[in-house]
Amino acid sequence: MANMSVDSEKAIVSASPDNIYIFLSDMNNFKELMPSSVSQWDSTREHCTFKIPGMGTIGLQLKDHDSTKITLNSFGPVMFPFELLINMKPTDAGHTECYMTFNADVNPMMKMMIEKPIGNFFSYLTRSLQKHFEEKMA
């Protein structure tokens, strides 16, 4: 097995870390961040599962948080266990730099196949988070 750590793009979100946490701590809200290609969405306040073409089923469950990081773990029948960190760094009043870090132990072949799609997917979620809060400000 090989350790795989993939960072998304960074985005400046027009919200404080507390407001971002309030939004993301309800896993139902993740549906607003997803691309239209996601199917089989199912969620509760504590977890969500969904299918992405070419990547299979992904499940996320809220594990922990502090003032700079939200930790989500894999949930349900996933191909391999993983952890997703949503990193938040306040930049000034009302703005936060956010990015996601995906961590998993996978075999080297799997790593080659999924590293780029996983990075693209979580970058999409980060940009969607930015857009969500920009639209709330408008």
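Reply: M109 is exposed because its relative accessible area is 52% (exposed means over 50%, buried under 20% and partly exposed in between, with a 1.4 Å probe and protein chains only as cover). The model is predicted, so local features need pLDDT of at least 70 and side-chain atom pairs pLDDT 80 or more, while totals for chains, interfaces and linings use all residues. Residues are numbered from 1 along each chain as its sequence is written, and side-chain values use heavy atoms, without hydrogens and water.

M109 belongs to helix α2, residues 108-137 (helices are DSSP runs of H or I with at least four residues, strands runs of E with at least two, both numbered from the N terminus). Together with M112 and M113, M109 makes up a nonpolar surface patch whose accessible area is about 380 Å². Such a patch joins nonpolar side chains within 5 Å, and like charges within 9 Å, among residues with over 30% relative accessible area and no salt bridge (a Lys or Arg side-chain nitrogen within 4 Å of an Asp or Glu carboxyl oxygen). The areas come from the Shrake-Rupley method with a 1.4 Å probe.

The structure has 7 aromatic pairs (ring centres within 6.5 Å; planes under 30 degrees apart are stacked, over 60 edge-to-face, the rest tilted). F23 and F133 form an edge-to-face pair, because their ring centres are 5.7 Å apart and their planes meet at 75°. This pair connects distant parts of the chain, as F23 is in helix α1 (residues 17-24) and F133 in helix α2, 110 residues apart. F23 counts as buried because its relative accessibility is 9%; F133 is likewise buried, at 4%.

A further pair, F102 with F122, is stacked, with 5.7 Å between centres and 25° between planes. Here strand β8 (residues 95-106) supplies F102 and helix α2 supplies F122, 20 residues apart. Both F102 and F122 are buried. They also belong to one aromatic cluster with W41, F50, F80, F82 and F121.

Strand β8 leads on to strand β1, which runs antiparallel to β8 and is joined to it by 6 bridges (strands pair when DSSP finds at least two bridges between them). One of the links is that of S5 with N103 in β8. In β1 (residues 2-7), A2, M4 and V6 form a covered face, whereas N3, S5 and D7 form an uncovered one. Side chains in a regular strand alternate between the two faces of the sheet.

Methods
Rings of Phe, Tyr and Trp (its six-membered ring) pair if their centres lie within 6.5 Å; planes under 30 degrees apart count as stacked, over 60 as edge-to-face and the rest as tilted.
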